[in-house]
Amino acid sequence: MSRHSTDKSFLRLLFAALLTLTLAGCGGGAKVVQEEGEAPVEYPSDATTRYARALGFMDARDDARAIVEFEKLVESYPEYSGPHVNLGIIHNRNGRPDVAMLELQRAVEICSGCAVAYNQLGIVQRQEGLFAEAERSYLAAIAADPDYALAYLNLGVLYDLYRGRTADALRYYEEFKARRRPEAIDQKDVVDKWIIDLKRRVGAPPQSAEAGE
Amino acid sequence: MEDSLRFAQTFPEHEQAAPVMTNAAEEFFRNGDLLRALEVSGLVVTLQPPASMELERTAWTVIAHANFDLEQYPSAEQAYQRLLTMPFAEESDRAEFEDRIAASIYRQGEQARAAGNVDLAVSEFMRVAAVQPESEFAPTAIYDAGALLIVSLRWSEALDVLERFRMDYPDHPFNDDVTQKLAFAYQSAGMSGQAAAEYERIATLSGVDPQLNREALWQAADLYGQQGSMADQRRVYAEIVERYPVPFDESIEARQKLAELAREADDWADRQKWLAAIVAADASAGATRSPRSMTLAAEAKLELAGPTRDAFMAVKLTTPLKESLKLKKKRMETALAAYGQAADYGIASVTTAATYEIANLYYGLSQDLMNSQRPAELSAEEIEQYEILLEEQAFPFEEQAIEIFESNAARARDGVYDKWVRESFARLAELMPGRYAKDERSENIVAALD
């Protein structure tokens with residue numbers, strides 16, 4: 001799993017972890033967020049506490065307050081990309097892709113190894129018709145984290161619908177399929193159907209969804 | 001002469017002193033020794049007992065002219081004023097002195113202007129007209145006052161002065177220039193309506209560069225727009241179209257403006273008229289046809305196709321189906337031709353819109369067939385058969401619609417991704433979700449601070 005990717009359960013665990021650290025660290029000093037298989041990363045407790053609060057607003061779809069909190073965080077801690085990525089997500093879902101793109105570009109400037117940031121940037125670029133840029137962003141996401149499944153899927157969609165590169169699309173859908181999390185059932189069925197359809201179109205023998213697993 | 005003068009100065013009360021000194025003053029003046037001429041003539045006019053009226057008049061004349069030539073205009077003006085109070089040697093002298101007074105005041109205005117004293121300069125220029133309104137210097141002085149006020153960005157005062165000029169000297173040759181200055185001053189003062197009226201006057205001037213006439217009309221139209229006088233704006237643009245078929249690029253832009261203004265005015269008949277005019281003008285432009293004129297014509301053609309589409313959509317397929325379908329197909333052909341012509345311009349944004357509309361026409365026909373009125377007299381079994389037949393009729397049209405939507409969506413591969421290409425993708429996502437309803441997957445939230 002990518003160290004960036006999230007789902008609801010993961011997020012709740014993270015909130016709980018952050019809250020624990022915050023409560024335990026009332027005396028101040030650096031806090032540690034550690035993910036499996038990675039070296040400990042130290043963050044200031046003030047940053048993690050405020051980030052958790054902003055994430056809480058975002059998770060509750062209180063976008064206005066989330067934006068305020070993330071922007072304050074950006075002012076205090078310009079060295080972190082996470083607030084920019086979340087601002088990008090919020091602005092894009094609220095119909096402001098231009099602002100979203102600026103935030104996401106800032107995010108990848110800060111964190112050149114953040115696959116999530118590149119993936120989100122690619123999404124907005126594709127929406128805006130910047131297909132070549134979107135392709136570069138998705139490829140950068142894959143280069144940053146070869147296990148980050150969503151970048152494969154999104155690159156497949158780009159090739160499939162907007163570039164006319166059916167064979168490449170098929171390849172990236174299959175790469176996604178090989179990396180997707182088992183619990184992502186909703187993604188499984190539909191992408192399997194896309195693969196079957198594409199195989200038919202490129203002339204390859206269709207493979208059943210079961211056989212593909 | 002020096003000896004005679006010395007005698008006269010030594011014996012000023014001598015009866016020959018005044019004639020001698022007056023003669024000497026005139027002689028100095030004739031020889032260009034203006035300072036000596038002033039000095040001696042000054043003695044003449046202060047003699048006791050006074051010199052004769054004739055000698056005194058001669059001396060004042062020397063004083064006036066010498067001061068004028070020495071550019072000592074206030075003194076010159078005073079001397080000429082003094083001469084006006086004296087009996088004239090000849091009646092023609094009056095006109096000359098009055099003219100010299102006007103000239104002296106005008107020169108004082110010029111000196112103040114050169115010294116950067118705008119208030120004084122304007123005051124002196126305006127005094128010319130007040131003191132000598134009939135002088136030929138008067139209109140020039142008022143004009144100069146107005147011009148100086150414009151240069152000094154004093155719009156309100158400039159407008160007063162220039163409007164007065166126009167009122168007092170309606171036939172003066174400067175009036176063309178005054179009109180241009182008034183236009184500029186009104187515009188600078190933010191008085192768009194008055195400025196526009198002046199620019200319209202400029203457009204009628206015969207003594208100026210014809211390009212200025214034309215540009216003035218454009219300016220007038222723009223200013224009427226700023227003022228919100230849409231009727232005047234439309235009138236002026238129509239005049240541009242009428243008077244200036246060339247240059248073509250401007251002429252077609254005027255038509256475009258008229259089409260836009262008609263839309264703003266909800267004057268749809270007029271809008272159609274100007275859209276058609278754009279198409280016609282572009283078609284007959286020959287070598288002057290340009291990418292811009294073709295774009296405007298293509299957009300106009302696209303909009304003009306709208307009513308043909310609406311007419312097609314308005315036809316309901318009712319029993320007897322054969323008759324209503326005949327009418328619907330006829331209107332479809334008309335609409336297809338109209339959108340086809342719009343697409344033929346090869347303007348990307350119009351082509352994608354026209355293609356979308358064409359696809360929608362086919363889709364509309366397929367849907368209308370499926371939703372057409374069923375014959376009342378059929379049994380349930382016959383209805384079933386009838387609907388199978390309808391599907392067979394409708395399906396090829398839906399297929400054609402999908403193919404055309406796909407051709408539009410495929411333009412994305414060439415980097416064309418405008419509203420109509422996006423809309424085509426959206427329609428395809430509805431019609432063929434398995435192939436086209438493919439959205440990217442985004443994170444909902446990112447927990448890593450990084």
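Visitor: At what angle do helix 19 and helix 20 of chain B pack?

Guide: Helices here are DSSP runs of H or I with at least four residues, strands are runs of E with at least two, and both are numbered from the N terminus. Axes are lines fitted to C-alpha atoms, for helices over the stretch in contact, and angles between N-to-C directions run from 0 to 180 degrees. In this case, helix 19 (residues 380-409) of chain B meets helix 20 (residues 419-431) of chain B at about 135°, and the axes are 8 Å apart. That angle makes helix 19 of chain B oblique to helix 20 of chain B; under 35 degrees counts as roughly parallel, over 145 as roughly antiparallel, 65 to 115 as roughly perpendicular, and the rest as oblique.

This is a predicted model, in which local features need pLDDT of at least 70 and side-chain atom pairs count only at pLDDT 80 or more, while totals for chains, interfaces and linings use all residues. Residues are numbered from 1 along each chain as its sequence is written, and chains are lettered from A and ligands numbered from 1 in the order in which they are written.

Visitor: Which residues of helix 19 and helix 20 of chain B meet?

Guide: Two residues are in contact if their C-beta atoms, placed from the backbone, lie within 7 Å. From helix 19 of chain B come B:Ile402, B:Phe405, B:Glu406, B:Asn408 and B:Ala409; on the side of helix 20 of chain B, the residues include B:Trp420, B:Phe425 and B:Arg427. By class, this contact has eight nonpolar, two polar and two charged residues. Nonpolar covers Ala, Val, Leu, Ile, Met, Phe, Trp, Tyr, Cys and Pro, charged covers Asp, Glu, Lys and Arg, and the others, Gly among them, are polar.

Visitor: How do helix 2 and helix 4 of chain B pack?

Guide: Helix 2 (residues 17-30) of chain B and helix 4 (residues 53-69) of chain B pack at about 25°, with axes 10 Å apart. They are therefore roughly parallel to each other. Among the residues making the contact are B:Thr22, B:Ala25 and B:Phe29 of helix 2 of chain B, and B:Thr58, B:Val62 and B:His65 of helix 4 of chain B. The contact divides into eight nonpolar, three polar and one charged residue.

Visitor: Which residues are buried in helix 17 of chain B?

Guide: A residue is buried if 20 or more other C-beta atoms lie within 10 Å of its own, exposed if 12 or fewer, and partly exposed in between, with C-beta atoms placed from the backbone. In helix 17 of chain B, the buried residues are B:Lys328, B:Met332, B:Ala335, B:Ala338, B:Tyr339, B:Ala342 and B:Ala343. They pack against helix 16 (291-314) and helix 18 (348-370) of chain B. Just after helix 17 of chain B, B:Gly346 has a positive phi of about 75°.

Visitor: Which residues are buried in helix 9 of chain B?

Guide: B:Ala158, B:Leu159, B:Val161, B:Leu162 and B:Phe165 are buried there. Helix 8 (137-151) and helix 10 (175-188) of chain B are among what covers them.

Visitor: Where is B:Leu153 found, and what is its phi?

Guide: Most residues other than glycine have a negative phi, and most peptide bonds are trans. B:Leu153 lies in the loop between helix 8 and helix 9 of chain B, and its phi is positive, near 60°. B:Leu153 is exposed, because 10 other C-beta atoms lie within 10 Å. In chain A, A:Arg61 also is not a glycine and has a positive phi, of about 60°. A:Arg61 sits in the loop between helix 2 (45-59) and helix 3 (63-76) of chain A.

Visitor: Which residues does a cis peptide bond join, with what omega?

Guide: One such bond joins B:Thr319 and B:Pro320, with omega about -5°. B:Pro320 is in the loop between helix 16 and helix 17 of chain B. Another joins B:Gln48 and B:Pro49, where omega is about -5°, and B:Pro49 is in the loop between helix 3 (34-44) and helix 4 of chain B.

Visitor: How many residues of chain B are in contact with chain A?

Guide: On chain B there are 19, in contact with 39 residues of chain A. Helix 21 (residues 433-436) of chain B supplies the largest share of the chain B side, three residues. That side divides into 10 nonpolar, two polar and seven charged residues.
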